[in-house]
Number of protein chains: 2
Amino acid sequence: MSRHQPKISKYKLGHYQLCCRFLLLRPLLYTDRLNPDIQTWIDQLRSGDVRALARAISTVENRAPEWSELLKALFPHSGKARVLGLTGPPGAGKSTLVDQLARFYRRGNDKDKRTVGIIAVDPTSPYTGGAILGDRIRMQEHFSDPGIYIRSMATRGSLGGLARTTADVTTVLDASGRDLIMIETVGVGQDEVDIVRLADVTILILVPGMGDDVQTIKAGIMEIADIFVINKSDRDGADHVEREIRTLQSLAMRHDGWTPPIVKIVASQGVGIEELAGAIADYEAHLQQENLALRKSVENWQERLVEMLRDAMLEKARMQLGDGNLARLAAEVAEHKRDPYTLVEEIAANAGKP
Amino acid sequence: MSRHQPKISKYKLGHYQLCCRFLLLRPLLYTDRLNPDIQTWIDQLRSGDVRALARAISTVENRAPEWSELLKALFPHSGKARVLGLTGPPGAGKSTLVDQLARFYRRGNDKDKRTVGIIAVDPTSPYTGGAILGDRIRMQEHFSDPGIYIRSMATRGSLGGLARTTADVTTVLDASGRDLIMIETVGVGQDEVDIVRLADVTILILVPGMGDDVQTIKAGIMEIADIFVINKSDRDGADHVEREIRTLQSLAMRHDGWTPPIVKIVASQGVGIEELAGAIADYEAHLQQENLALRKSVENWQERLVEMLRDAMLEKARMQLGDGNLARLAAEVAEHKRDPYTLVEEIAANAGKP
């Protein structure tokens, strides 16, 4: 199995030495006194054991015991996979496109052929496990090929945000040695923007005849779409959508010298998939050339660190507060006996104090 | 201007005394040494001065100086408005429906007639001020009627979440004495679920022929939709959508004894608006009867307090970290010199320590 150019090649050489030195120097690091079961688990996962992989993803997704220890141990093995983010409004045909792309990369010759991990994120089902069904259906289809691993995720609400969980699951898949990870998400809100921001290559899928909101949709994700796809381009209005994209591009110039191409496809018939893969390869080359992948990754980590820090700090405050108290205080606020803004200031001020 | 039944009537009697006693008793409360300019500002705002209102909303939305002091002072005056949340996928015709409803409530006789505040939330434009245009267009239309105040909001990204900002702006409109506040948001993601969760009455707008994702959309918001609206119901497939909703209703029973009605409308022609207003009134009656409004509000405040606490704690950690450090650490993580999970644990552990 050949591996494409690693994303941060420039740093790869000294990478493991750095990690090791780092492990020895730092206190409070779990990986240097790693629980042997976890080590075995990780070895299995890295050797391609799908059940170990599935177990690791569930552990991370559900914040089960050991999730943190596991991620800490897996992180040094991550950073080699290429991440594609695909998003678009409901009905744009994202799943079909992702399946087609996966097939394409599995068919490829030695140079192109990649092992694929697919994360199908469903931000629209905060309560129900709405993604499970789609998961099962598509699993069956690809079951024969161990080179494709598909995982569906629905929002878990309380567990620190969908973007964060998706990022952690991506780290697990990456560390498991998948060459290419595709993150597919339904929608066009902030949620989806946060999710696709994890990706090296962000693909926005649009379809003809989407109604009046198409403008705002495109405005929202315009800045992070590296490639535009017009699916169902055999329908009327495909050219109209293309013109709208061109107009928006003329308004918002990118600073990295890349002009996002517009690829017309008919995913259900596999039309335009190869052309899209070509556009993806072009952008990957652009990333390498400008060493943009690292810069994007740094920006991405700035946001992720803040997110993670926010959740960690919340835990700290929650511990101090206790859920019973929270319910009581919420009732007092709802009854307007208490002003929530002052209340929160006070709790935050006291948090962390002995 | 008559006011409908206040949402937490049961508690309203003792409300101001409670607040006052509370103001006198508590330390660290800004309102009892309130900056006189802010007091004047609030008086203007409460007397119906639209420019004072607009300035207050901008202050809260942009977290400008005094935002916190302002909200603390306004909170005791809030809690009387009825809040409608309207959401649905792109192209469902939400804006048109909101305009029609606003007109309806302005036309109403003394009993029904209400002053209206509209918050048009656009989660799809995290970077651009994508909502401004729509704002201006619709402002013009209603300009003649001071009883309708329309405000568009686009995501501000970093400023503590769209749901939180929307909630704060709702508090401002509420304190300004608007009887009815309509929150309109494009989309069907977690973002929108968080936003409409603020509402007393949540309305999900669907349209015929929305493609394969309609199922997930409905699953996502099913649990919080109090009323379903099928807009453009003169199109083919309206009955099909209705059947799908019924099916999902049969799967997910509500515990409050309310079966969300399905109202078919053609918003662009004003067809079915009166029927929808009837359904809204029925649900409002149901809320009063079961005193559900307060219970919903308590649940809502539990989540909002956690959100607010999270942001407050993040500020605390950020202060200690410093943006320069954040950039450096992000680079180290991006280069895999550092494991982010251990890093965040360490920062959180040290936060708040002298």
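Predicted model: local features only at pLDDT ≥ 70, side-chain atom pairs only at ≥ 80, totals over all residues.
**Exercise 1. Work out how α8(A) and α13(A) are arranged.**

Step 1. Find the helices. α8 spans residues 162–175 of chain A, and α13 spans residues 292–321 of chain A.

Step 2. Describe the packing. Two packed helices are described by the angle between their axes and the distance between the axes. Here the angle is about 115 degrees, and the axes lie 11 Å apart. That makes α8(A) roughly perpendicular to α13(A). The crossing is left-handed.

Step 3. List the residues that meet. From α8(A) come Arg164(A), Ala167(A), Asp168(A) and Thr171(A). From α13(A) come Arg304(A), Met308(A) and Asp311(A).

Step 4. Sort this contact by class. There are two nonpolar, one polar and four charged residues.

**Exercise 2. Decide whether Phe75(A) is buried or exposed, and find its contacts.**

Step 1. Phe75(A) sits in the loop between α5 and β1 of chain A.

Step 2. Apply the cut-off. Buried means under 20% relative accessible area. Phe75(A) has 2% relative accessibility, so it counts as buried.

Step 3. Check a C-alpha distance. Ala175(A) is 100 residues away along the chain, yet its C-alpha atom is 6.9 Å from that of Phe75(A).

**Exercise 3. Explain why α15(A) is largely enclosed.**

Step 1. Count. Eight of the 11 residues in α15(A) are buried, so the rest of the structure largely encloses this helix.

Step 2. Name some. Among them are Pro340(A), Leu343(A), Glu346(A) and Ala348(A).

Step 3. Inspect the helix start. A side-chain oxygen of Asp339(A) comes within 2.7 Å of the backbone nitrogen of Tyr341(A).

How values were computed. Residues numbered from 1 in each chain as written. Chains lettered and ligands numbered in written order. Heavy atoms only, no water. Buried < 20%, exposed > 50% of the residue type's maximum accessible area, 1.4 Å probe, protein only. Helix = DSSP H or I, 4+ residues; strand = E, 2+ residues; numbered from the N terminus. Polar contact = N/O pair within 3.5 Å; in protein donor to acceptor, adjacent residues only side chain to side chain. Axes fitted to C-alpha atoms, helices over the stretch in contact; angles between N-to-C directions. Parallel < 35°, antiparallel > 145°, perpendicular 65-115°, else oblique. Left-handed = near helix turned anticlockwise from the far one by under 90°. Contact = heavy atoms within 4.5 Å. Nonpolar A, V, L, I, M, F, W, Y, C, P; charged D, E, K, R; others polar.
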